[in-house]
Amino acid sequence: MDTILTTEQFQFTADVKDKYAEILTEDAKAFIIQLHKCFNGRRLKLLEDRKETQKFFDEGNFPSFLPETKHIREGEWQVEESPFDLQDRRVEITGPVDRKMVINALNSGAKTFMADFEDSNSPNWDNNLSGQQNLLDANNKTIELIDESRGKHYKLKDETAVLLVRPRGLHLNERHVLINGEETSGSLFDFGLYVFHNTKVLMANDSAPYFYLPKLEHYLEARWWNDVFTFAEKYLEIPHGTYKATLLIETITASFQLNEFIYELKDHIVGLNCGRWDYIFSYIKKFRNHKDFIVPNRDQVTMTTPFMDAYSKLVIQVCHRRNIHAMGGMAAQIPIKNNPEANEIALDKVRQDKEREVKNGHDGTWVAHPALVQVAMEQFDKHMPPANQKFVKREDVNITAEDLVEIPVGTVTEAGIRKNINVGILYIEAWLRGNGAVALYNLMEDAATAEISRIQVWQWLKAEVELDDKRVFNYKLFKDLFDSEVEHLVNQNSIDIDNNQTFKLAVRLFEEFATQAKFEEFLTTTAYNYI
């Protein structure tokens, strides 16, 4: 018989100082408790299943289209039409849930804003809970921010973007909350607080809570989310199918189960999105122990690289067959204010990227900065006059399992190693300070960039890969380049290495992640203990 849980069994860990009583009300805590009771055990089992799948890959195997779900892939079924306010999603802006970002993103002119509790958010307690308050205020149209030092007053315009929320992935706990002595799920915590406080106000305005769901690896994980949605709808006494989700296809295994993911969530799903950087990370991570499996410098892996192009086109084909949106990937560029020529080159890259996406058949795309909204909008307005292009079926596309895992051609260079070390350390240092969206070298980076950076160094070092100049990348060369790059960062940023404990920790963590014998699936699970 299940243990009956009461709000007394909702406990805060010792390092929680502000308990955010306006968000963590007794009724809200009771709801989180019920979500934990019903779904956390299944979540932990799904995470264990991932380990078994990894063992299969470690034996030299690749994923395949599942024989037991062939009838789903071949069946002629479709999803019902999306809600009216999610019909046109041609440009979506993304970013963390801090107050200024929420206001600026909603005012940006983008069709939607994905407010992020995941990769662009450092999940410390204040970020997460103040983020919930910010979204509640945004939905109530009361959000504002006065910056006295700059003489600025931020508030919402009359017309704003539609809000979508990305909760944390299944692998992340909320360590600040214990339920019956057990850490609860970051996914359930983020989702539960948002729907509990925002469902009724959104429905009163002819909308609803909409979500992006990250890093799913198997269709049973999509089934888990569908059951979470259904439970919450019953608990809050609203119609089944009210909550809508777009799934980020950012794991290599997900590409082999697109139809299955949609089928499991068919009453709640409205789209799939090509999460580029995490997809590359997953691709390397899953096959990291394959013999002769080497991925070149990450700058050489683009959306025109064969395995990336195949995945993008397959997403379009499957989505449009099932009557949902196929969303394109991120343009991470940010304005280069002191160099107009470099800025124009960067903007031209964005134009080319978005033109390729819309011509391929994507219904929308992502940008990371308000300055890019209009640049992306122009390409989609030019090549996609209607609200979406679900009518583009891409029946000319025939993507095979081999296409999805084709190893990219390219080189590994000293510059590529140094860049990974440099960006990886800088990102981790900022993340430890509470900043998950970090402007580095004219790009807005999130945790996915740090993940790719450290796994590439790890993989190249493990394989002792030969560089383009014929040197072997062994531990000695790694240590030489690593120490040199750390020294460069210290000098470049005038860091007091003896007194900057956060920088020292970031250096130590990156080196550990890059050289560890037992590979850490996500660097954020370890780094989370330090924030």
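# Cysteines, Strands, Cavities and Pockets

Colleague: How far is the sulfur of cysteine 274 from the closest cysteine sulfur?

Modeller: The closest cysteine sulfur belongs to cysteine 319. This is a predicted model, in which local features need pLDDT of at least 70, side-chain atom pairs count only at pLDDT 80 or more, and totals for chains, interfaces and linings use all residues. Residues are numbered from 1 along each chain as its sequence is written, and side-chain values use heavy atoms, with hydrogens and water left out. The two sulfurs are too far apart for a bond, at 7.9 Å.

Colleague: How many disulfides does the count come to?

Modeller: A disulfide is a covalent bond between the sulfur atoms of two cysteines. Here it is taken as a pair of cysteine sulfur atoms within 2.5 Å. Seen from cysteine 319, the closest cysteine sulfur is that of cysteine 274, which is too far for a bond. By this rule the number of disulfides is zero.

Colleague: Is cysteine 319 buried or exposed?

Modeller: A residue is buried under 20% relative accessible area, exposed over 50%, and partly exposed in between (1.4 Å probe, protein chains only). Cysteine 274 falls under the limit, with a relative accessible area of 2%. Because its relative accessibility is 0%, cysteine 319 counts as buried.

Colleague: How many residues of strand E10 are buried?

Modeller: Helices (H or I, at least four residues) and strands (E, at least two) are DSSP runs numbered from the N terminus, and E10 covers residues 244-249. In a regular strand the side chains alternate between the two faces of the sheet. In E10, Lys244, Thr246 and Leu248 point one way, Ala245, Leu247 and Ile249 point the other way, and all are buried. E10 is thus mostly covered, and of its six residues the number buried is six.

Colleague: In which sense do strand E9 and E10 pair?

Modeller: Two strands pair if DSSP finds at least two bridges between them. E9 (residues 210-213) and E10 have four bridges, and tyrosine 210 has lysine 244 as its bridge partner in E10. The chain passes from E9 through helix H6 (residues 219-235) to E10 in a right-handed β-α-β crossover, a term meaning that, with the strands pointing away from the viewer, the path from the first strand over the helix to the second runs clockwise. The sense of the E9 and E10 pairing is parallel.

Colleague: Which residue in E11 is the bridge partner of alanine 245?

Modeller: E10 and strand E11 (residues 269-274) pair in the parallel sense over five bridges. Between E10 and E11 the chain crosses through helix H7 (residues 258-264), and this β-α-β crossover is right-handed. The partner of alanine 245 in E11 is isoleucine 269.

Colleague: How many charged residues are in the lining of the largest cavity?

Modeller: The largest cavity holds about 60 Å³ of space, and Phe117, Glu118, Asp119 and Arg168 are among its lining residues. Asp, Glu, Lys and Arg count as charged; Ala, Val, Leu, Ile, Met, Phe, Trp, Tyr, Cys and Pro as nonpolar; and the others, Gly among them, as polar. The lining has five nonpolar and two polar residues, and its charged residues number three.

Colleague: Which element gives the largest share of the lining of the second largest pocket?

Modeller: The second largest pocket has a volume of about 770 Å³. Of its 29 lining residues, the closest to the centre are Arg276, Trp277, Gln333, Lys349 and Leu443. Two or more residues come from each of H8, strand E12 (325-331), helix H10 (340-360) and strand E15 (443-445). The largest share, eight residues, comes from H10.

Colleague: How many residues of helix H8 are buried?

Modeller: H8 spans residues 276-286 and is mostly covered. Its buried residues include Arg276, Asp278, Phe281 and Lys285. Of the eleven residues in H8, the number buried is ten.

Note on methods. On a 1 Å grid over the protein atoms alone, a cavity is a set of points where a 1.4 Å probe fits but cannot get out, and a pocket is an open set with protein on both sides within 12 Å along at least five of seven lines; lining residues have an atom within 4 Å of a point. Grid points are joined across faces, edges and corners, and a volume is the space filled by probe spheres set on the points.
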